[in-house]
Every structure is written in structure tokens, then in C-alpha cells.
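Please work through the exercises below with the sequence and the structure open beside you. Try each task before you read its solution.

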Amino acid sequence: MGRLRRTLAFFSPRRRRWERFLRSLPLDPGNLPRPLLPPGERDVIICGCPRTGTTLLAAALFQPPQVVTVMEPWDGMRMAPAELFASLRQEIAATGRITRGRLDLPLLLRSGEVRWCQEGAGALPLTVAPGFLLGVKWPAFWRYLEMLGETKFLVCLRDPLEVIASFRDAGGRLTMGFNQETRFNRPMNDDLRAATRDAALRRVLLFEYIHTRVLPFLQRPNVLVVRYERWVDDRERLLRDLGTFLGVPLGAGPARIGKPRPHASFSPREFDLIRAHCSTADALGYPLPGGAAARAFVG
């Protein structure tokens, strides 16, 4: 019944309206003029592959008055980065609020729970310090790494086995091995669609597509890698590293962080596909297990 409900939901009128909205978003970074105008010095981009902790990072860094983060504002799919950051800063200065973004900020500050909401539904009044840091979180903004060599980026990484299992269990486009069907993601989705009709393989190729393009930039001085595992194992030092990189003192942050829920085991075929096609794992610092250790991931 669960699978049937998901199938019916996928073909529902509400779902079709949602897909039309995504397709209406006009921005493709490949069509922007070069060189790309950078955001300001106190602006930072939070990005990475989906399911690597970008939402958690944005929530943890929401620490006004020194730091304000905005999670996946739809204007990020309409405006180039400099225009986007300028418009967000203008809204905060003019209204003392931020109505864009899809993080439930009142809930976050009240209970530490990290939850999505409709854009604007999670707004709250803001007091900001002079020269406050503004972060925008969009996983797909990794595409700007090659275009904005001076802008600060926080790039999230996570064990590929966890990420690919999360793709499988997430439902929707990620389970099919695609990202959202926006113009921003169209080149990647078209390449993945052409590569295979096998969703299990495409989930691995989605991970690979993004990380082969992210890897060349991870050692650059304007990029800080944020490994998901550090939130559990090394949170205090991670926050110090983030504060040093961003040039702002950080507290513990409002987000309540627990150990992630375990995913179901991979089938032998799924694991074989990962072993065969996940070539970036070693370079990312996540060597894939072999032998007896691999059997812990296979059901």
C-alpha cells in the first residue's frame, strides 16, 4: 500500500502543479555572463550533493545577530548570486524580517528541530549586527564553484554509502536518480537520463556526477569542507573551524543534532553498482569497505 500511495501521489494534480512550477524557474548558470559578478565579502554559499547535511549546516549557522542563513529561497533559481544576496540584504534592512527560505525558524529557535516549511511560513523578526554574515543554502549551488573564485563556500560531504542509501529511501526524484526538474539542474538530469534507465545505477551516477565536479575545488582557500560525521563526533571543533573560516564567532547553534537513523541494507546488486561506479569515494576521504566489512552493508 505504501508504494501504491507514493505512485498515486506522484501522478496527482498537486504533483503536476509542483512540476510545472519547478520547470517555470528560469535560471541556468550556464547562460549567465562571464565573469560572474560575485556576492559581497560577507556572503557565503552553502552547497553540496543532496542528503549530505546542507540543511543541518544552514540550521546550525542561523545565529543572529551575527549570522543569518536562508534555506533554498526560490529566488535562487531566478537570480544570479550577487543579485540574490543583495535582494535578501535589502529585505532584512527594510523590514527587519526575511520572508524567503524554507526553514521553519520559529520552530528551530524554540525546540532545535530542523524542519522544512513553505517559503515564508517560517519567517520571524530579525535583529542583525552591522556587517552580519549572510549564508544561502542551495545544494545545487556547487555549480558556482568554478565561477566564483573569491566567494566563500561551505561544501558538505558525507559517506557515499549513506548518501546513496538516502537517495533510495527519500522518494520522488532522488529515488529515481535525478535532482529537481529545474533549468538549473537540467544539464545534469539530461546526462543522467541518457546514461541509463536503471534507477539503482542512476542513484550512484548522480552522486558521481556532482562529486567529480566538486572535487577539483575542495582544496581552494575560499572553500571549507564540512563533513556530516563531524556533527556527531566533533561538533565543538567543527564550529570553531567554521567560525575561523567565516571570520565570525559562533556559539553552539540552535539545531538539535542526534545520530542519524540507519538505512536499510543494500541488495548485493546495489552494493556491486556502488563498488563498480563510485570512483570518487577514496578522493573524498570515504574509501568503500571490502571483504567482511562490506557484508555489514548488504542484506
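The exercises that follow go from the whole chain to single pairs of residues.

The model is predicted, so local features need pLDDT of at least 70 and side-chain atom pairs count only at pLDDT 80 or more, while totals for chains, interfaces and linings use all residues. Residues are numbered from 1 along each chain as its sequence is written, and side-chain values use heavy atoms, with hydrogens and water left out.

**Exercise 1. The whole chain**

Describe the secondary structure of the chain and compare its radius of gyration with that of a compact globule.

Solution. Begin with the secondary structure, which comes to 14 helices and five strands; here helices (H or I, at least four residues) and strands (E, at least two) are DSSP runs, numbered from the N terminus. For 299 residues a compact globule would have a value near 19 Å, and the chain agrees because its radius of gyration is 19 Å. Finally, along the principal axes, the C-alpha atoms fill a box of roughly 55 × 45 × 40 Å.

**Exercise 2. Buried residues**

Find what percentage of the residues in the chain is buried, and state how many residues of helix H3 are buried.

Solution. Then turn to helix H3 (residues 54-61), where eight of the eight residues are buried; among them are Thr54, Leu56, Ala58 and Leu61. A further case is Val226 in strand S5 (residues 223-227), which counts as buried because its relative accessibility is 1%. The C-alpha atom of Val226 is separated by 5.9 Å from that of Val155, although the two residues are 71 residues apart along the chain.

**Exercise 3. Salt bridges**

Count the salt bridges, and explain what the pair Arg89 and Asp43 ties together.

Solution. Side chains of opposite charge can pair when their charged atoms come close. A salt bridge is counted when a side-chain nitrogen of Lys or Arg is within 4 Å of a carboxyl oxygen of Asp or Glu, and the count comes to 21. In one of these, the side chains of Arg89 and Asp43 meet at 2.9 Å, N to O. Arg89 lies in helix H4 (residues 81-95) and Asp43 in strand S1 (residues 43-48), so the pair ties together parts that are 46 residues apart in sequence. Arg89 is partly exposed at 22% relative accessible area, whereas Asp43, at 5%, is buried.

Now look at a second pair, Arg115 and Glu113, whose side chains meet at 2.6 Å, N to O. Arg115 is partly exposed at 41%, and Glu113 is partly exposed at 26%. Elsewhere, salt bridges that share partners join Asp75, Arg78, Glu91 and Arg100 into one network.

Methods
Rg over C-alpha atoms; globule rule 2.2 N^0.38 Å. Buried < 20%, exposed > 50% of the residue type's maximum accessible area, 1.4 Å probe, protein only.
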